Every structure is written in C-alpha cells, then in structure tokens.
Amino acid sequence: MHAVLTGPLFYGSLGVCIIGMIVRFYQYFNGLSWQLDRVAYKEYPVMGFKGAVRSIYKWLIPYGTYGWRTQPVMAAAFFGFHIGVVFVPLFLIGHNVFLQEKLGFSLFTISNPVADGLTWMAIGSLLFLILRRLVLPEVRIMTDKKDWGVLFLSLAPLVTGLLARYQIGDYSLWLNAHILSGELVLLAIPFTKLSHVFLFFASRAQLGMDFGIKRGGLKGTKMTW
Amino acid sequence: MPEGTLCNKKPVDTAEGITTLLADQSGKKYYEEMKRLEIDSDLLWKTIQNTCKTRIRTWLEICAHCGMCADSCFLYLANDRDPKQVPAYKIQSTLGEIIRKKGKVDNAFMLHAMEVAWAQCTCCNRCGTYCPHGIDTGIMFGYLRGLCYQQGFVPWEMKIGAGMHRVYNAQMDITGEDYIETFEWMVEENEEEYPGLTVPVDVEDADIMYTVNAREAKHYPEDLAEAAILFHIAGENWTVPSKGWELTSLAMFAGDWAACKMQVESVYDAMERLRPKRMIGTECGHAHRATVVEGPYWAGRKSGRPPVESIHYIEWLAEALRTGKLKIDPAKRIKEPVTLQDSCNYVRNHGLRETAREIISYIVEPGYFIDMSPNKEHNFCCGGGGGFNGIGYFRKQRNVGLKVKRDQIIATGAKLVIAPCHNCWDAIRDLEEEFDIGIRWSFLKPLIVKMLIIPDHLKPEEEGEDE
C-alpha cells in the first residue's frame with residue numbers, strides 16, 4: 001500500500017496536477033478575446049502587465065486592499081488558512097526529504113515547530129471558515145455540495161498529517177491516509193474549484209489588465225484595490 | 001404564444017414600431033405578452049458557446065461562494081442584507097444556471113433573470129473590486145442582459161431606448177435638425193447677455209467636437225446654452241456635428257450590442273468627417289463609458305480608443321480652470337456644505353477620480369466641501385445607474401436602492417450635491433423627492449456659469465462702457 005502511494009500514485013497525481021495546470025493556464029489565456037472582453041490586451045502589453053502584477057500582489061498582502069480591510073476577521077481566517085496550506089506542504093522538512101528521494105531535488109525548509117504552528121493555524125482558520133459558511137446567511141445561501149467537498153478535501157491532509165505527526169494511534173495508517181489525501185488534492189486541483197490555486201493568478205491578472213489598460217490605466221490612474 | 005406583437009425577439013428598428021410600443025402605456029400589454037414568450041434555447045446556447053469564453057466561465061467556476069462581495073453591493077445593503085442580493089448569488093442563480101442547463105430554461109426563469117439583470121444590478125462594477133479572485137459580476141450582468149435582450153426579455157423602456165438609437169441614432173426621437181434648431185434657439189436666447197455667442201455646426205478641423213445627451217435637447221435645453229457659454233468664454237474653437245451628436249447609449253443598458261455598434265459608429269463617423277482635435281462629451285457617465293470606454297470595442301477598433309482623443313466634460317472643465325481659460329470670481333464660490341457624487345462609469349471605470357475634485361478646489365470656498373464615504377472608485381452607485389432610473393416596472397426596487405446614497409449624503413451634512421452625470425443627477429433628484437432630506441443637486445455647468453469672471457471684451461456693450 002505504502003509503496004503504491006509513494007510510487008505510481010505520487011508521480012501520477014503530481015503529473016496530472018502539473019500538466020492539468022499548464023493546460024488550463026494555456027486555455028485561459030488563449031480564450032481571452034480583446035473584442036469580447038473589451039480589453040485591448042495586445043495593444044498595451046506594458047500597461048497590461050503592470051496592471052496585472054499590481055492586481056495580484058495587492059491581494060496577496062494581508063489587509064493590502066479595501067476588500068481585506070472591510071472584512072478583517074474573514075481576512076485573518078483567509079490568510080491563516082492559505083499561508084498554512086501553501087507553506088507547510090512545500091517547505092516541511094519531511095516533505096522535502098521525500099521530494100529529494102523521489103525527484104532528486106528539495107526546497108527551502110521550515111523547522112518542525114513552525115510547521116506545527118502553521119498547520120494548527122490552518123486548521124483553526126478552516127474551522128472558522130466552515131463555521132462562517134454555516135452561520136452567515138449571505139454565505140450559506142450559495143454553499144453547495146461542491147463547496148463542502150473542497151473544504152473537507154483540503155482539511156483531510158492537514159488533520160491526517162497532524163495525527164501522524166503526533167503518532168496518535170496507528171502511525172502508518174495516518175501516514176498513508178495523509179499521503180492519499182494529499183494526492184487526492186493534487187488530482188482534484190485541475191478539475192475542481194481548487195483550480196483557483198493557479199487560476200486565481202489568471203483571473204486577477206485579467207482584471208488587472210482591464211483596469212491597467214481600459215478602466216483608467218491609460219489615463220495614468222492606478223486602481224486603488 | 002411564441003412571439004407577441006409588442007414583446008418579441010425582434011429589435012425595434014422603425015419609427016412606427018417605436019410609436020406602437022410607446023402607445024402601450026407603461027408596457028402593460030408588453031409585459032403581459034412577455035409572460036407567454038417562448039425561449040429559443042438552441043439560439044441561446046449557440047450564442048453562449050460563441051461568446052462566453054474563458055474569462056466569464058472561469059469567474060463562474062472559481063467563485064468560492066465566500067460572500068465577500070455581499071457588503072460591496074449597495075442593493076444588498078439597501079435591501080436589509082437579503083442574501084438573495086449577494087452579487088455572487090445573483091449571477092450564479094441566473095447566468096450560471098443558464099449555462100449549467102445549456103440554455104434549456106423556461107419562461108418563468110427568464111422573467112426572473114430579467115428582474116435580476118435590471119433590478120438587482122446596475123452594472124456599477126463595485127463588487128469586482130472587492131472580490132479576492134477578481135470576479136467582476138457587473139461585467140457578467142452586462143453579458144446576461146445581452147442574452148435576455150436576444151430572447152426578448154428586456155424591460156419595455158430599454159427596448160424602446162435601444163430602438164430609438166436604431167432609428168434616430170439618439171436615445172430619444174430627436175433628429176439632427178431638431179437638435180441643431182434647439183441649440184441655435186438656446187444660443188439666440190442668450191446672445192444678448194453673451195454677445196458673439198454662437199453654435200458652430202459641422203465645422204471641420206475644430207479643436208473640439210462637442211457631443212451631448214439627447215435629453216438635454218429634449219428636456220433641459222439650458223444645458224446646451226451653458227455649454228455654448230462656457231466654450232465661448234473660454235475662447236474655444238469648437239463645433240457640434242449635425243449627425244453623430246448623441247453621446248449616450250440606452251442600447252448598452254438594454255444589451256442590444258448591434259445597436260451599440262451602430263450608435264458609436266455614428267459618433268466616430270462624425271469625428272472622421274470633421275477631424276476635430278478632441279471630442280468632449282457632456283456631463284454624463286454612461287454616455288462617456290459607452291462612446292469612449294466600451295464603444296471602440298463594439299466598433300472593432302483594436303486600439304481600444306475612439307478615432308480622436310475623447311474626454312469627459314469634467315476633464316475639459318478642470319483643464320480650462322487650471323489654464324485660466326475660465327476664471328472663477330472668488331466672491332461667488334460655493335459657501336455652503338457641498339458634496340460630490342462620483343459616477344461609477346467614469347470614476348471607477350475610467351480612472352477620473354481626482355478630476356472633479358480639482359474643479360471643486362476652484363469653485364468651493366475652502367472648508368465647505370465634504371466627501372462622501374466611501375468615495376472615488378469605491379463610491380456606491382447613485383442607486384439609479386445601468387438604466388434602473390428609467391424602468392417603471394422596477395420603480396419600487398429602484399426607490400429602495402436609493403437608500404444607500406441617501407444615507408451617504410445625509411452623513412456629509414451637505415445641502416448641495418454636485419452630480420456631473422445625468423443618471424446620478426436623476427437618482428439624487430428622485431431620492432430627494434422620495435425621502436425629502438432637504439438637499440439641492442446640480443450639474444457643474446450651471447454652477448460655473450454663475451461664478452465666472454467674464455473678460456471685458458466678451459461683456460455686453462452697455463456693461464463694458466459702464467466699467
């Protein structure tokens with residue numbers, strides 16, 4: 001079981017995720033149309049690029065936009081969750097030992113206590129986001145099965161990872177469950193709402209180009225996000 | 001009944017057609033017929049496949065249903081935070097549903113979609129600036145309006161408005177002759193006070209080609225006089241085209257994209273015919289957006305720009321005050337609490353957030369200007385944008401929507417609201433009528449005409465001799 005999970009399934013899910021991302025990125029930008037979208041993307045590549053970069057980085061900064069500042073609690077939960085689920089999978093020492101073994105390279109690592117803290121922060125934030133979804137009428141009205149699916153799929157590797165980390169009960173069971181759930185996330189990324197992992201950048205870039213070119217950019221006004 | 005005699009999928013493109021529609025008071029029969037209008041699902045789905053590309057599809061797909069757009073929508077706030085007014089819900093339950101069902105939707109669904117598209121969104125695009133994913137629901141509602149229009153589910157006034165553009169190249173039944181006659185008459189009325197005042201018609205190679213909102217000619221002709229006076233005092237070399245003089249586009253509100261193209265092309269033709277250095281449009285928001293911001297794309301102009309540099313009236317005013325072409329008598333500046341309504345269409349959607357404030361710095365005594373909160377590109381819609389003001393069928397919903405602007409104005413304590421946009425001006429007038437909060441409202445032209453220092457050589461003779 002462990003051999004399958006760390007062998008073919010690992011390579012397969014990672015491959016599907018990466019190829020899927022590349023294909024969808026290509027499809028996205030290939031599908032932009034200057035006339036249908038009413039943005040002269042190609043005429044003003046520099047303005048468009050500047051607008052895109054601005055639109056992305058402003059939203060990546062906690063409380064960097066009006067949107068984040070008007071909803072400070074949501075912003076805290078949002079960043080608490082996302083910082084955890086980006087940093088821990090990529091920079092955990094254990095993951096990088098595994099990467100080195102399987103792919104022959106590794107990334108920058110963070111210490112285990114930091115990773116523990118980030119994981120707890122992510123779980124706490126996600127639980128808050130779940131609660132928010134249950135309690136707030138403006139969120140509940142839109143919530144569908146897919147939203148719950150994505151939420152629990154994201155929660156699974158975090159919880160199983162911690163159970164394995166603290167060796168509660170059967171370590172190898174939790175480790176396998178952790179690897180499997182992580183691989184399921186990788187597989188789901190290109191095909192579900194989790195595609196926002198990369199399409200966030202595409203969508204933000206598009207709106208950034210719109211403002212950077214058409215909606216004020218050519219007038220010399222930088223959109224105050 | 002598949003197609004009604006008044007309510008159907010065919011655009012109105014004859015004067016008789018418009019007269020017939022207008023004869024149906026408040027669209028009573030029109031809306032009755034709409035309840036039996038059939039949907040051409042094949043056409044709907046084919047259109048979506050051809051025109052709904054990755055931008056909108058990705059928006060609909062990655063929307064996290066997080067509800068962060070809720071508070072950004074003035075209609076959500078005005079309707080006591082009704083979750084059915086959350087922008088993401090509104091678009092997912094209409095456009096999203098049409099796409100999920102591949103166009104196979106029924107009459108009741110389309111009636112509902114029409115109400116959401118015209119009475120629950122003014123296409124102000126504020127939500128787009130509050131979504132972490134950069135999802136601009138206002139753009140999607142504009143797109144949805146096009147689909148509804150194609151299927152005949154469009155508010156009565158919008159169908160008529162789009163038809164007017166098709167027949168008259170104007171939002172009202174005013175011909176080029178009517179327009180020029182009105183302009184000339186208004187100039188005559190004022191030439192005693194302003195000797196030498198003229199309206200130069202179809203002058204080639206002028207510095208400025210001026211375009212207007214047809215209702216200025218029909219209902220507010222003094223606006224034309226004020227424009228002429230201000231250009232005259234500023235010593236501008238200006239002209240008005242006898243064809244292609246209408247800046248507005250009710251066709252844009254209606255989602256009648258073919259009429260949008262016809263309309264802007266009439267203005268672009270005038271630019272090409274008269275070769276002015278610049279085009280200046282009147283104090284209107286959607287008209288600027290239609291002709292200057294969106295129009296080039298409808299007309300297939302890859303540059304995304306009209307044939308000649310085209311600016312909003314406030315840009316010209318700010319420039320004329322800055323360069324001293326127009327001078328304000330400091331004694332006549334506004335000395336009462338005053339605020340400014342930022343029009344979504346040229347502030348949020350065309351970057352002109354500082355321009356009107358520059359004008360304010362010349363015409364308001366320091367200390368009397370109070371900004372609304374929020375303001376500039378984060379300002380709320382006046383409550384009547386996107387055609388909402390003009391739709392009798394949704395008047396009740398529009399009046400509820402005015403509450404947010406009312407409260408913003410009350411919070412400033414202003415007695416006067418400057419609204420350099422026809423839609424905003426109307427909405428603020430209507431909110432005063434509806435809620436009686438004791439305010440006045442004004443365009444910039446009449447305010448500035450009253451506080452100008454007239455150069456001696458432009459004064460009436462008697463007055464000149466006296467001094």
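His65(B) sits in the loop that runs between helix 4 (54–62) and helix 5 (74–78) of chain B. Helices here are DSSP runs of H or I with at least four residues, strands are runs of E with at least two, and both are numbered from the N terminus. The model is predicted: local features need pLDDT of at least 70, side-chain atom pairs count only at pLDDT 80 or more, and totals for chains, interfaces and linings use all residues. Residues are numbered from 1 along each chain as its sequence is written, while chains are lettered from A and ligands numbered from 1 in the order in which they are written.

His65(B) is not a glycine, yet its phi is positive, at about 55°. The residue is buried, as 21 other C-beta atoms lie within 10 Å. The cut-offs, with C-beta atoms placed from the backbone, are 20 or more other C-beta atoms within 10 Å for buried and 12 or fewer for exposed, with partly exposed in between. Gln167(A) also has a positive phi, of about 50°, without being a glycine. Its place is the loop between helix 10 (145–165) and helix 11 (171–188) of chain A. Gln167(A) is exposed, with 10 other C-beta atoms within 10 Å. A further backbone feature is the cis peptide bond between Ser373(B) and Pro374(B), where omega is about -5°. Pro374(B) belongs to the loop between helix 17 (355–363) and helix 18 (395–401) of chain B.

Chain B contains 22 helices and seven strands. Its C-alpha trace spans about 75 × 45 × 40 Å along the principal axes. The radius of gyration of chain B is 23 Å, which agrees with the value near 23 Å for a compact globule of 467 residues. That radius is taken over C-alpha atoms, and the globule rule is 2.2 Å times the number of residues to the power 0.38. Of the 467 residues of chain B, 55% are buried. Among contacts in chain B with a separation of 6 or more, 81% link residues 24 or more positions apart. A contact requires C-beta atoms, placed from the backbone, within 7 Å.

An open sheet in chain B is built from three strands in the order 5-6-7, with parallel pairing. Strand 5 (338–340) and strand 7 (440–442) of chain B are at the edges, and each has a single partner strand, so one side of each lacks a neighbour in the sheet. From one strand to the next, the twist averages 25°. Axes for such angles are lines fitted to C-alpha atoms, for helices over the stretch in contact, and the angles run from 0 to 180 degrees between N-to-C directions. Three bridges connect strand 5 of chain B with strand 6 (residues 416–418) of chain B, in the parallel sense. Pairing requires at least two bridges found by DSSP between two strands. Within this pair, Val338(B) stands opposite Leu416(B) of strand 6 of chain B.

Chain B is assigned domain 1 (39–154), domain 2 (165–322) and domain 3 (330–451). These bounds come from an automatic or database domain assignment. The centres of domain 1 and domain 3 of chain B, taken over C-alpha atoms, are 28 Å apart. In the contact between these domains, 14 residues of domain 1 of chain B meet 18 residues of domain 3 of chain B. On the domain 1 side, helix 5 and helix 7 (107–119) of chain B are the elements that give two or more residues. Helix 5 of chain B supplies the largest share of that side, four residues. The domain 1 side comprises nine nonpolar residues, four polar and one charged. Nonpolar covers Ala, Val, Leu, Ile, Met, Phe, Trp, Tyr, Cys and Pro; charged covers Asp, Glu, Lys and Arg; the others, Gly among them, are polar.

Chain A has 12 helices and zero strands. Along the principal axes, its C-alpha trace spans about 60 × 40 × 35 Å. Of the 225 residues of chain A, 33% are buried. Residues 24 or more positions apart make up 69% of the contacts in chain A with a separation of 6 or more.

The contact between the chains involves 46 residues from chain A and 44 residues from chain B. Elements of chain A that give two or more residues to this side include helix 2 (8–30), helix 4 (45–60) and helix 12 (196–214). Helix 12 of chain A gives the most, with 10 residues. The chain A side divides into 20 nonpolar, 16 polar and 10 charged residues.

Terms used
Two residues are in contact if their C-beta atoms, placed from the backbone, lie within 7 Å.
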